[in-house]
Every structure is written in C-alpha cells, then in structure tokens.
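Here is a short briefing for a first look. Please keep the sequence and the 3D view at hand.

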Amino acid sequence: MEAYKTWVRRNKDYVHSLDSLANGLTWVLPELFSNSEIGTEAVTSIVGILTTINEHIIDTAPDERHTGSAYASSFRYGLCLSVLSNLETLVEVVAEQYYGDKKWNFLAVTEAIKVIVRLALFQNCGYKMLLQGGETPNVEKDSEDTLLQHRIGGFQKLGGQHGPGWLQDNHGQNLWNVEGRALSTLSRFGESALMVSDPSWMQRIKHAIMEPRTSIIERPTLSRILSEKGVNGALFILGEVLFITRPLFYVLLIRRYKIRSWIPWCLSLAMDFIGVGFLSHVTRSGKSRKEQRFLLSDSENDEVKRRKLLWALYLMREPFFNKYIRKKIESTGKLLEPVPLMGTLAEKIAELIIGVQARYTYMSGS
C-alpha cells in the first residue's frame, strides 16, 4: 500500500488524467450493460471510490502544509463519507431489484451511518460547519502559520496576524517582535553579567527564551460554544444538526408514509428552511454588543449558497415532480416531436430526467 501511495503522489497529474478518463467512460457504460443496471452502477461506484482514494492519498501527502492531526482526521472522515456516497446508489439499485419497496430499509441504514459519521466529524472538528456534507475538511489554510505566530520564543503574542513587530531576515524567516528583541537584549546583557557566576542559570534562561514551546490548540467544546455564544451558539449547533439529520428523517418518513405522500416532502423542506434560517440569524450583526455572532469564512459562505441551491432538488422529488414537472416535460416532448433532431433530442432529455428523478440518491441532496 505504501508503494502505491508513493506512486500516486509522484504521478498525480497522470493519476488525475486516468481518473478523468475512467469517469468519462462511465457515461457509455449503460450501452454496454443495458441488461444489467447493477453492473453499470457497480462499475461506476468502483471508479468513484478509486478516484476518491487517489485524491485522499494526494491531499494527505507528508510534504503538504497541513499535516496536523485535526486535518488528517477530517480527511479520514471525508474519505469515509465519499465512499458511502459512491456506494449508496449501488445499494439502492440492488435493494430495489431484489426487495422492491423494502429498499427504503437499506437506504435508512446507509443514511444512519452517514449521520453518525457526520456527527462525529462535527464534534471532532470543534463544531465547525461541514463543507460538502463533510467530504471537504473545514480547516483554516493558515492554521500552522497562525500557530507559529501565536508563540515566539515560548511567549504569547497577542493577535494572530503579521503586525509591525514582525520582520524577516535574508532567508525569509520571521524574527523577533518588540517583545522578543527586548528579551533578546536582556539575555545578552545577562549572559555577559552572570555567565561567570552561574552559567547553568543563564542556560535555563536562554532555553526558555530561544526554544519554542509546543502549543496545543484546544478544539471548542459544546459547553464552551454555548457559554460564549449563548442562544446564537445553540441555534448554530441546532441548524447544523438539522442539516446533518434531515436525509435520515426524510427516508424514515418515506418508509412510513410512502413516496407519493406530501408529508415527507413538506417536513424535509421545512427542516432545510429552519436550518438555514438559524444560520442566517446567528451570522447577522447583533443588535447589542453582548450578542455574540458567528463569522463565516469564504468557504463557509460558499457552503451556505450551495445548501440553498440544493432546494431546487425538491422540484425533482415526488410528489411535486409527478404532479407538476412531469406533465410539463411530456407536453414539451410532444410539441417538439415533429421537429427533426429537436424531437429526438427532447425525447432523450426527457428519458434522462425521468430516469434520474426515479433514484433517491440522485435527488436526495445528502
């Protein structure tokens, strides 16, 4: 396995090309496996899993900047979620072919596993927003630089950004700030005055000043977030939990009320609206200084936009699709049927839309 990892990291451009080619070939597989949908989905799942594993190997290379345990742990959770996502459609196809409507039992199990993994990731990363459903680590890009900036010679530096006290030598290394230069001056003065009388004491002082201490960044705990952010902290946590658990509740409601019922559709949409509403509330400017709010990074703002775009999938889910969208597609196809080429193209597009819509995993948004 180590040999394979080394080969992938040394030939990552070649691996990316192979992965793109393999994923492109899956588009022609339905013609080759027209009598076996399970075979098509199995090959697609295998290709997707291999691509995910290769990306994981490349992104967790030892020479990358992010080598911390939190970053590696987030990647392991993300790898697990990506594998589950690639397997879920295969599980649905196999379960539907052999068990019919009981496929929802199997889908409920897969969604429950994903919920457990996402909740574990949510807790492990310090209750930060999950990106792409947890498949992308939400780790600050400059976390290691910030860690170095917070500790200089074992002394705490206020703030986490490069300020006027930061200089660079000819090799581009960060030098002392004002505090550090003062301590350095004192150490040199003490060295000349006290080395003769007590050299061991001077060595201890130099060690305390010059040797950087290992700084441990504590992940925020649930109690800490609730105590510091108050109601906003509780709403943020609740909004993320709603987003994480919504797919499982949706499947369980379908098992109870069946796919043509409006109850799963409406309750699932309500959970999405409430979750994003909580998030919007806690990120707005507070009316008072005592009201603590959350500041989102650029990647987290993009994630909020992505979640809102996922609402469009409700147009493709039953019973809304069958009651409104399907009729529009069929009437458009009949209208374009006499037109050369356009009629054939419209028919193929309609078949594709109806076929994709029939799969829960394509329209779940999970």
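What percentage of the residues in the protein chain is buried? Of the 366 residues, 34% are buried, meaning under 20% relative accessible area, with exposed over 50% and partly exposed in between (1.4 Å probe, protein chains only). This is a predicted model, where local features need pLDDT of at least 70, side-chain atom pairs count only at pLDDT 80 or more, and totals for chains, interfaces and linings use all residues. Residues are numbered from 1 along each chain as its sequence is written, and side-chain values use heavy atoms, leaving out hydrogens and water.

**Fold and surface**
- The protein chain holds 16 helices and 2 strands; these are DSSP runs numbered from the N terminus, helices being H or I of at least four residues and strands E of at least two.
- Contacts (heavy atoms within 4.5 Å) between residues at least 6 apart in sequence join residues at least 24 apart in 69% of cases.
- The accessible surface (Shrake-Rupley method, 1.4 Å probe) is about 22,600 Å², and carbon and sulfur atoms account for 61% of that surface.

**Annotated spans**
- An unreviewed UniProt entry lists residues 231-250 and 262-283 as "transmembrane region"; such annotations may be inferred rather than shown by experiment.
- Residues 231-250 are 100% helix, and their end C-alpha atoms lie 27 Å apart.
- Residues 262-283 are also 100% helix, with end C-alpha atoms 32 Å apart.

**Cysteines**
- The structure has 0 disulfides, a disulfide being a pair of cysteine sulfur atoms within 2.5 Å.
- Cys-125 is buried because its relative accessible area is 14%.
- Cys-266 is partly exposed, at 39%.
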